[in-house]
Amino acid sequence: MNANSAIEYLDRGNDCYKQNKIADAAGWFRKAANADPGLFSAHANLGNTLLQLNRYEEAIEAYC
């Protein structure tokens, strides 16, 4: 994967989030974070969506 893929995944996650598809958004944010581990916004967005899904332990891991 490359940074461009990560940005595309992040954008898809943001689109899902805007449509209130939180679980789908979390999946895209996870893909973005895996594609580019240094992409802070992917980790932050993943953590935030996981919090909304009451998946607290996973959210903590996403932030780290």
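The radius of gyration here is taken over C-alpha atoms, and the globule rule is 2.2 Å times the number of residues to the power 0.38. With 64 residues, that rule puts a compact globule near 11 Å. The protein chain has 10 Å, which agrees.

A word on the source. This is a predicted model, where local features need pLDDT of at least 70, side-chain atom pairs count only at pLDDT 80 or more, and totals for chains, interfaces and linings use all residues. Residues are numbered from 1 along each chain as its sequence is written, and side-chain values use heavy atoms, with hydrogens and water left out.

Now the layout. The protein chain has four helices and zero strands. Helices (H or I, at least four residues) and strands (E, at least two) are DSSP runs, numbered from the N terminus. The order is α-α-α-α. The C-alpha atoms fill a box of roughly 30 × 25 × 15 Å, taken along the principal axes.

Next, the inside. Buried residues make up 36% of the 64 residues. Buried means under 20% relative accessible area, exposed over 50%, partly exposed in between (1.4 Å probe, protein chains only). In soluble globular proteins, nonpolar side chains tend to be buried together.

A nonpolar core, for us, is a set of buried Ala, Val, Leu, Ile, Met, Phe, Trp, Tyr and Cys residues joined through side-chain atoms within 4.5 Å. Which members of the largest core touch the most other members? Of its 16 residues, they are Leu10, Phe29, Ala32, Leu39, Ala42, Leu46 and Leu50. Helices α1 (3-18), α2 (22-35), α3 and α4 (56-63) each supply at least two residues of this core. The largest share, six residues, comes from α2.

Take leucine 39. Leave aside its neighbours within four places in sequence, and leucine 39 is in contact (heavy atoms within 4.5 Å) with Ala6, Ile7 and Leu10.

Asparagine 20 sits in the loop between α1 and α2. Its phi is positive, about 65°, although it is not a glycine. Is asparagine 20 buried or exposed? It is exposed, with a relative accessible area of 60%.

Asparagine 54 sits in the loop between α3 and α4. It is not a glycine, yet it has a positive phi of about 60°. At 52% relative accessibility, asparagine 54 counts as exposed.

Asparagine 48 lies in helix α3, residues 40-52. It is partly exposed, because its relative accessible area is 41%. Its C-alpha atom is separated by 9.7 Å from that of isoleucine 22, 26 residues apart along the chain.
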